[in-house]
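The paragraphs below lead through one protein model, from a sheet to the helices beside it and then to the domains. Please keep the sequence and the structure in view while reading.

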Amino acid sequence: MNYIGIDIGGTNLKAGLIDEQSTVLATTKMKIAQIENQEGLVSALAQMTQELSQMAGIPLDQIASVGIGVPGVVEIRRGMILYTCNLPLRDVPIRRLWHQQMDMPLYVENDANCAALGEYYAGAGRGSKRFVTITLGTGIGAGIIHNGKIYHGANGMAGEVGHMSIVYHGEPCPCGRRGCWERYASASALKRLTAQAMEEHPDSILGCVIREHDGHVSGQSAFMAARRGDPVGQRVCDTYIDYLATGIVNVINIFQPDMLAIGGGVSNEKDEQLLFPLREIVQRESIPCNRDKMTRIVRAELGTQAGMIGAAFLGKKRRMI
Ligand SMILES: [Zn+2]
């Protein structure tokens with residue numbers, strides 16, 4: 001059998017068709033701006049399903065299900081999108097609307113949970129039982145897998161680790177709290193730290209790196225400057241990794257996963273600059289335990305396809321025993 005996963009992002013809908021071996025057979029995408037309303041969304045999902053079927057040369061009756069990853073709150077059982085942060089989708093009975101057009105099971109899940117599921121079955125988390133993904137982007141997303149199942153909590157909103165406060169009375173966060181982890185350890189936070197350092201030390205190598213990129217501050221700027229021996233760039237990296245480690249130690253102390261995968265653009269930095277120093281702090285600061293049972297911190301493997309592949313697994317895992 002084959003399975004479709006569709007990741008609803010802020011800009012694009014990304015859809016892919018995978019087979020039993022989790023090989024991606026075809027992908028397609030569509031701009032979210034092209035979609036006007038909830039009926040338009042359902043038509044887009046149906047259209048992409050047809051497209052993938054044609055592209056891969058696999059008839060619709062050989063596709064077992066479609067799974068969608070939604071950037072917000074969903075109700076899995078009823079197949080509803082309750083709320084999304086950046087899209088005008090409220091209380092959408094997406095499964096009911098889907099069945100008006102398509103005769104194929106549709107599964108709905110939060111997008112960070114989909115990414116965790118994708119990595120768990122087809123990426124960095126293979127072979128683990130208790131697995132956490134941390135994705136560093138505009139915010140910090142996370143998915144928690146416990147004994148092979150997504151941990152949803154009572155209301156489906158478990159895993160919002162980006163909003164645990166790590167600095168008492170720290171930076172205000174749009175969620176209403178202060179000092180949230182993602183205000184310090186997301187990719188956006190890294191850019192902010194970098195921009196501040198550059199303002200304070202415009203003549204540093206960091207300043208040079210940014211000017212070489214037409215004044216564009218990226219999540220890579222500080223790491224690039226540090227590689228050239230810049231103490232200012234190195235300080236930004238150290239501060240950032242310290243914040244990152246603080247939250248990761250909290251997560252590890254609470255869940256004690258076998259494995260924790262870090263995803264998002266920042267995770268592509270060299271091991272010597274990111275994972276090695278991070279592991280060192282985590283090892284020093286987490287609750288001591290049996291060495292063989294320590295959480296392994298690894299890089300996520302599926303990149304921007306994690307959400308899409310995980311969404312396809314919403315249906316696939318139901319057929320796996
Ligand atoms: Zn917050």
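Two strands pair if DSSP finds at least two bridges between them. Strands (E, at least two residues) and helices (H or I, at least four) are DSSP runs, numbered from the N terminus. The model is predicted, with local features needing pLDDT of at least 70 and side-chain atom pairs counting only at pLDDT 80 or more, while totals for chains, interfaces and linings use all residues. Residues are numbered from 1 along each chain as its sequence is written, and side-chain values use heavy atoms, leaving out hydrogens and water.

Begin with the pair β1 and β2. These strands run antiparallel and are joined by six bridges; Asp7 stands opposite Lys14 in β2. Both strands belong to an open sheet of five strands with mixed pairing, in the order β3-β2-β1-β4-β8. At its edges are β3 and β8, each of which pairs on one side only. On average, neighbouring strands of this sheet are turned by 20 degrees against each other, direction ignored.

Two helices lie across these strands. Axes are lines fitted to C-alpha atoms, for helices over the stretch in contact, and angles run from 0 to 180 degrees between N-to-C directions. Contact means heavy atoms within 4.5 Å. Helix α3 lies across β1, β4 and β8, and runs at about 100 degrees to β8. Helix α10 lies across β1, β2, β3, β4 and β8, at about 135 degrees to β1.

Now take the whole chain. Its domain assignment gives domain 1 (2–119 + 305–319) and domain 2 (128–300), with bounds that come from an automatic or database assignment. Their centres, taken over C-alpha atoms, are separated by 29 Å. Eight residues of domain 1 are in contact with nine residues of domain 2.

The area buried between the two domains is about 890 Å², of which carbon and sulfur atoms give 67%. Buried area here is the accessible area (1.4 Å probe) that two parts lose on being put together, summed over both. In domain 1, Asn113, Ala116 and Glu119 lose the most area to domain 2, together 50% of what that side buries.
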